Amino acid sequence: MPTPLAGFLSDVGFRTQEGVLDAWTWRRGAAFLAVVLVFLTALWRLVEPYAYRVMTPTTPLFDWRVFAAYVYLIFYALAVLLIGISLYNISAKRLRARGLPTGLAGLVPLATLFWGAARWLQPRVAEQMSPWWVTGCAALLVGAVVWTALELGFREPRGLGRI
């Protein structure tokens, strides 16, 4: 007997971009992905302090906490990529239903990658890169998220009637 979660996941169809979705199904899928991402990020914030360690002559070479933090980081990075792919897939379905180009589904994942890269790089090259780059990338991300949420989550299809 399929579980309610399995039924929900198959209804939304995160694995492929083929087909169409209505606004309610897109909102449910996007909210599910957001909840998973927030949960995994909260876990990373708890584990992250163990990823930093100063090596001195008296510290042991191997530390299980550091090892576990980096193992989690690998799985967290993979999960973030899969969440981005799933968001792209459901957004492409919804954009197809709205009669818009499906390439716009990549706005939020691309803006997220730009913001993350700028946020990571700026402190390391602060003399060459202004902090305003991070602010600009964050504004781009917020704009992409707001546009995507409004366009895909609340507007009806153009000329196709209700799905």
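The questions and answers below concern a predicted model.

Q: What makes up the secondary structure of the protein chain?
A: The protein chain contains five helices and zero strands. Followed along the sequence, its pattern is α-α-α-α-α.

Q: Why are α2 and α3 called roughly antiparallel?
A: Helix α2 (residues 23-47) packs against helix α3 (residues 64-98) at an angle of about 165 degrees, and their axes lie 10 Å apart. Angles over 145 degrees count as roughly antiparallel. The two helices, α2 and α3, are therefore roughly antiparallel to each other. Their crossing is left-handed.

Q: Which residues make the contact between α2 and α3?
A: On α2 they include W26, L33, L37, L40 and W44. On α3 they include Y72, Y76, I83, L87 and I90. By class, this contact of α2 with α3 has 19 nonpolar, four polar and one charged residues. R94 of α3, which takes part in the contact, belongs to a type that counts as charged, while G29 of α2, also in the contact, is of a type that counts as polar.

Q: Why is α4 described as roughly antiparallel to α5?
A: The angle between α4 and α5 is about 160 degrees, with their axes 8 Å apart. The cut-off for roughly antiparallel is an angle over 145 degrees. This makes α4 roughly antiparallel to α5. The crossing of α4 and α5 is left-handed.

Q: What classes of residue form the contact of α4 with α5?
A: There are 15 nonpolar, two polar and one charged residues in it.

Q: Which residues touch the most other members of the largest nonpolar core?
A: They are L33, L40, L87 and I90, in a core of 24 residues. To belong to such a core, a residue must be buried, with under 20% relative accessible area. At least two residues of this core come from each of α2, α3, α4 (107-121) and α5 (131-153). The greatest contribution is that of α3, with nine residues.

Q: How much of the protein chain is buried?
A: Of the 163 residues in the protein chain, 31% are buried.

Q: What share of contacts between residues at least 6 apart in sequence join residues at least 24 apart?
A: In the protein chain that share is 63%.

Notes: Residues are numbered from 1 along each chain as its sequence is written. This is a predicted model: local features need pLDDT of at least 70, side-chain atom pairs count only at pLDDT 80 or more; totals for chains, interfaces and linings use all residues. Side-chain values use heavy atoms; hydrogens and water are left out. Axes are lines fitted to C-alpha atoms, for helices over the stretch in contact, and angles run from 0 to 180 degrees between N-to-C directions. Helices (H or I, at least four residues) and strands (E, at least two) are DSSP runs, numbered from the N terminus. Angles under 35 degrees count as roughly parallel, over 145 as roughly antiparallel, 65 to 115 as roughly perpendicular and the rest as oblique. A crossing is left-handed if the near helix is turned anticlockwise from the far one by less than a right angle, and right-handed if clockwise. Contact means heavy atoms within 4.5 Å. A nonpolar core is a set of buried Ala, Val, Leu, Ile, Met, Phe, Trp, Tyr and Cys residues joined through side-chain atoms within 4.5 Å. Buried means under 20% relative accessible area, exposed over 50%, partly exposed in between (1.4 Å probe, protein chains only).
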